[in-house]
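Look over the chain and the fold before reading on.

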Amino acid sequence: MSSDRHASPQQPYGTAYEQMLEKVRYEGAYPTRERADEAVRLVLAGLGRQLTGDERVDLARCLPLEAARVLTAQIPDTRLLTGWAFVKDLAARTGASQATTRWDTGSVFSAVAAYAGTDLITRILHQLPTGYALLFGRAELTPAA
């Protein structure tokens, strides 16, 4: 009996992450799974630099293992970025246009929201500065003055 039957898996990632990539690929209309994977890694790394505390831990628990690793591998930044500054920062890191990066962010956050659920996303949005609600596909509500 051979003990190496799991040495060469058919898929490089777990099934849950593959499903996440397919969701992102569909939502973002990306031509390949590799392009969707690039978007997921970029956006989750950025989110990992912004998110702290219980929300970070709870989100990591909801995501597929590979996605959770990308999120939690980042050291949280002491400087919190608004939603728009988040997109600009990611664009600067990759050299991509801000429009492309905004698209990537929305596509990935749509999948993240599906895994996390409404209550956790609401908690995350309360922790982050303004501008993230729109990136998650929600209305940005502000209190009346």
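What covers the buried residues of α1 includes α2, α4 and α6. This is a predicted model, in which local features need pLDDT of at least 70, side-chain atom pairs count only at pLDDT 80 or more, and totals for chains, interfaces and linings use all residues. Residues are numbered from 1 along each chain as its sequence is written, and side-chain values use heavy atoms, with hydrogens and water left out.

Helices are DSSP runs (H or I, at least four residues), numbered from the N terminus. Buried means under 20% relative accessible area, with a 1.4 Å probe and protein chains only. In α1, Y17, E18, M20, L21, V24 and G28 are buried. They line one face of the helix, because they fall within an arc of 160° seen down its axis. That arc is taken from the directions from the helix axis to the C-beta atoms. A29 follows α1 and has a positive phi, near 55°.

The largest nonpolar core has 39 residues. Such a core joins buried Ala, Val, Leu, Ile, Met, Phe, Trp, Tyr and Cys residues through side-chain atoms within 4.5 Å. L44, L59, L63 and V112 have the most contacts inside this core. Helix α2 gives the largest share, 8 residues.

L125 sits in α7. It is buried, at 17% relative accessible area. The C-alpha atoms of L125 and R138 are separated by 10.0 Å.

Contact means heavy atoms within 4.5 Å. The table leaves out neighbours within four places in sequence.

| Residue | In contact with (within 4.5 Å) |
|---|---|
| L63 | M20, L44, A68, L71, V112, Y115 |
| L125 | Y132, A133, F136, R138 |

Note on methods: Buried means under 20% relative accessible area, exposed over 50%, partly exposed in between (1.4 Å probe, protein chains only). Helices (H or I, at least four residues) and strands (E, at least two) are DSSP runs, numbered from the N terminus.
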